[in-house]
Amino acid sequence: VKMLVPFMRDPFEAGGLGLDTATVGYAYGTVGIVSLVIGGILGGWAISKFGLKKCIWPMAFALNAPDIGYIYLATSAGTDLTAVYSVVAIEQFGYGLGFTAFMVFLMYTCRGDYKTAHFAISTGLMALGMMVPGMISGKLQQMLGYSNFFVMILIASVPGMLVIPFLPMEDTVKEVPKDIDLN
């Protein structure tokens with residue numbers, strides 16, 4: 001996440017796409033936001049209809065697979081704005097799906113007297129899981145170049161997906177547990 005705007009703004013000679021600020025702003029501020037909202041809404045609908053256990057694998061895949069799009073953009077010659085907007089849309093849509101699955105998982109598992117504290121700590125750990133890698137992402141990108149950096153990111157997503165079969169999920173839960181207050 002931290003390296004996407006530099007990737008889009010950096011010149012071709014540095015391995016970037018050489019896009020201007022307005023184009024990057026449109027990509028993330030319009031195309032990205034619309035796709036994120038749609039992904040979140042459809043993710044919530046899918047989980048309510050099919051349950052988290054059936055949806056978590058496709059949603060985890062949707063969260064991580066868009067890295068392939070950035071590998072394509074980093075290795076393709078030239079900048080096709082349709083491809084850039086498409087990759088951003090798919091990435092943000094997938095993030096909406098994946099983040100929804102994570103939030104619903106937290107709602108299912110954060111129960112008992114201190115569920116709000118458990119939820120807050122869990123979301124804090126999630127944010128830490130984004131911030132710590134973000135602190136070294138620039139150095140890694142400089143060492144690897146953009147295309148290899150995005151390959152590394154794709155590979156780094158595999159261990160998190162391998163944990164999914166071990167997550168405690170009930171087959172029968174298809175709605176938010178009764179003891180969770182969403183207001």
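Trainee: Why is Leu36 called partly exposed?

Mentor: Leu36 has a relative accessibility of 26%, and since buried means under 20% relative accessible area, exposed over 50% and partly exposed in between (1.4 Å probe, protein chains only), Leu36 therefore counts as partly exposed. This is a predicted model, in which local features need pLDDT of at least 70 and side-chain atom pairs count only at pLDDT 80 or more, while totals for chains, interfaces and linings use all residues. Residues are numbered from 1 along each chain as its sequence is written, and side-chain values use heavy atoms, with hydrogens and water left out.

Trainee: In which helix does Leu36 lie, and how far is Leu36 from Gly96 in space?

Mentor: Leu36 lies in helix α2, where helices (H or I, at least four residues) and strands (E, at least two) are DSSP runs, numbered from the N terminus. Leu36 and Gly96 are 60 residues apart in sequence, yet their C-alpha atoms are 4.8 Å apart in space.

Trainee: What makes Ala46 buried, and what makes Gly25 partly exposed?

Mentor: Ala46, also in helix α2, has a relative accessible area of 12%, so Ala46 is buried. Gly25 belongs to helix α2 as well, but its relative accessible area is 39%, and therefore Gly25 is partly exposed.

Trainee: Which residues form the nonpolar patch on the surface, and what makes Val132 partly exposed?

Mentor: The patch is formed by Ile121, Leu125, Leu128, Val132, Met135 and Ile136, with about 620 Å² of accessible area together. Patches are made of residues with over 30% relative accessible area and no salt bridge, like charges being joined within 9 Å and nonpolar side chains (Val, Leu, Ile, Met, Phe, Trp, Tyr) within 5 Å; a salt bridge is a side-chain nitrogen of Lys or Arg within 4 Å of a carboxyl oxygen of Asp or Glu. Val132, in helix α6 (residues 115-144), has a relative accessible area of 41%, so Val132 is partly exposed.

Trainee: What lines the largest pocket, and which element gives the largest share of the lining?

Mentor: A pocket is, on a 1 Å grid over the protein atoms alone, an open set of points where a 1.4 Å probe fits, with protein on both sides within 12 Å along at least five of seven lines, and lining residues have an atom within 4 Å of a point. The largest pocket holds about 1500 Å³ of space and is lined by 41 residues, of which Leu63, Asn64, Gly129, Met130 and Ser157 lie nearest its centre. The largest share of that lining, 11 residues, comes from α6.

Trainee: Which element has the lowest mean pLDDT, and what is the average for the chain?

Mentor: On pLDDT, the predictor's confidence in each residue from 0 to 100, α6 has the lowest mean among the elements (86) and helix α2 (residues 21-50) the highest (95). The chain averages 87, and 91% of the residues score at least 70.

Technical notes
Areas by Shrake-Rupley, 256 points an atom, 1.4 Å probe, with all protein chains shown as cover. Points joined across faces, edges and corners; volume = space filled by probe spheres on them.
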